[in-house]
Amino acid sequence: MLRETVRADLLAMADLPYDGEDVDQLTHALQAGALAVEAGARPALVAAALLHDVGRLPHVEAALPAAPHERAGAAYVTRLLGQEVGWLVGSHVLAKRALVATDPDYLALLSPTSVRTLREQGGPAAGDEVERFLRHPLAADAMALRRWDDGAKDPSAPTPSLEALLDAALPADAA
Ligand SMILES: [Fe+2]
C-alpha cells in the first residue's frame with residue numbers, strides 16, 4: 001500500500017518541469033535516490049532523497065497552498081513515512097542555505113536555477129540558524145541529501161530503476 005502510494009507519487013512527477021533544470025521531476029527524484037543508495041544510505045534517507053521534492057506535486061501543494069514546497073512535502077511525508085523522513089524532506093532548503101553559509105566551495109556546485117532560487121529562499125542561513133540546524137541529530141543526513149539533490153540534475157545519466165529504489169527505500173514493502 002505504502003509502496004503503491006510512493007510509486008504513484010513519483011510517477012506523477014514524470015514530465016513535471018523542474019523549474020528550468022534539464023531533467024523532469026521524476027528523473028530528478030530517481031537520480032537523488034540512486035545517489036543515496038550509492039552512498040550506502042539507510043532506507044529512511046533513500047526515501048527522503050526520493051521524495052524531497054514531493055511538495056511540488058499539485059495534490060501535495062494543494063494541502064498547504066501558502067507554504068513553500070519543502071514544508072508542504074514535509075507535512076505530507078511525515079503522515080506517510082513518519083517524523084524522520086518528514087524532517088529530512090522539510091530541511092532540504094535549510095540544508096542548502098546552511099551549506100552556502102558554511103562551505104565556500106558549495107555555491108559553485110549549484111545549478112544556475114538553484115542559485116536563483118537561493119535568493120527567493122532567504123539567501124545564506126544566518127549564524128544562529130546554522131547553529132540551530134547543525135545541532136539537530138539529522139543535520140549531517142540533511143546535508144548529504146542536499147548534495148544528492150544538487151547532483152541529481154544530469155540529463156545524460158542513465159535513468160535509475162524505480163522498483164529497485166522502492167526496494168531500497170521501503171524494504172518492509174519490497175516486491
Ligand atoms: Fe530537488
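This is a predicted model: local features need pLDDT of at least 70, side-chain atom pairs count only at pLDDT 80 or more; totals for chains, interfaces and linings use all residues.

Let's begin at the metal. Which residues hold the iron ion? Look for His28 and His52, each reaching in with its NE2 atom, and for Asp53 and Asp149, each using an OD atom. These contacts run from 2.2 to 2.3 Å. If you trace the donors along the chain, you get the spacing H-x23-H-D-x95-D.

What about the geometry of the site? The angles among the four donor atoms of the iron ion go from 79 to 172 degrees. To count as tetrahedral, four donors need all their angles between 85 and 135 degrees. The site of the iron ion is classed as irregular.

Next, turn to the aromatic rings. A pair of such rings is described by the distance of the centres and the angle of the planes. How many aromatic pairs does the count give here? It comes to one aromatic pair. The partners are Trp87 and Phe133, with ring centres 6.3 Å apart and planes at 15 degrees. Planes under 30 degrees apart count as stacked, so that is the label this pair gets. Trp87 is in helix α6 (residues 83–90) and Phe133 is in helix α9 (residues 127–135), so the pair ties together parts that are 46 residues apart in sequence.

Searching the whole structure for cavities of 30 Å³ or more turns up one. The largest cavity holds about 100 Å³ of space. It is lined by 16 residues, and the closest to its centre are Tyr18, Arg56, Thr117, Gln121 and Arg146. Which elements give two or more residues to that lining? They are α7 (92–102), α8 (112–120) and α10. Sorted by class, the lining of the largest cavity has eight charged, six polar and two nonpolar residues.

Most residues other than glycine have a negative phi. Asp15 has a positive one, near 70 degrees, and Asp15 isn't a glycine. You'll find Asp15 in the loop between α1 (2–11) and α2 (25–38). Buried or exposed? Asp15 counts as exposed because its relative accessible area is 69%, and the cut-off for exposed is over 50%.

Asp9 is in helix α1 and is buried, at 6% relative accessibility. Asp9 and Thr27 are 18 residues apart in sequence, and their C-alpha atoms are 13 Å apart. Leu50, in helix α3, is buried as well, at 1% relative accessibility. From Leu50 to Ala140 you step over 90 residues in sequence, with 17 Å between the C-alpha atoms. Met143 lies in helix α10, and its 18% relative accessibility makes Met143 buried, since the limit is under 20%. Between Met143 and Gln83 there are 60 residues along the chain and 17 Å from C-alpha to C-alpha. Pro68 sits in the loop between α4 and α5 (69–81). With a relative accessible area of 41%, Pro68 is partly exposed. Pro68 and Leu165 are 97 residues apart along the chain, and their C-alpha atoms are separated by 26 Å.

Conventions
Residues are numbered from 1 along each chain as its sequence is written. Side-chain values use heavy atoms; hydrogens and water are left out. Donors are N, O and S atoms within 2.8 Å of the metal (3.2 Å for Na, K and Ca); water is not among the atoms, so sites may look incomplete. Four donors count as tetrahedral if all angles lie between 85 and 135 degrees; four count as square planar and six as octahedral if opposite donors are over 155 degrees apart and all others between 65 and 115; anything else is irregular. Rings of Phe, Tyr and Trp (its six-membered ring) pair if their centres lie within 6.5 Å; planes under 30 degrees apart count as stacked, over 60 as edge-to-face and the rest as tilted. Helices (H or I, at least four residues) and strands (E, at least two) are DSSP runs, numbered from the N terminus. Buried means under 20% relative accessible area, exposed over 50%, partly exposed in between (1.4 Å probe, protein chains only). On a 1 Å grid over the protein atoms alone, a cavity is a set of points where a 1.4 Å probe fits but cannot get out, and a pocket is an open set with protein on both sides within 12 Å along at least five of seven lines; lining residues have an atom within 4 Å of a point. Grid points are joined across faces, edges and corners, and a volume is the space filled by probe spheres set on the points. Ala, Val, Leu, Ile, Met, Phe, Trp, Tyr, Cys and Pro count as nonpolar, Asp, Glu, Lys and Arg as charged, and the others, Gly among them, as polar.
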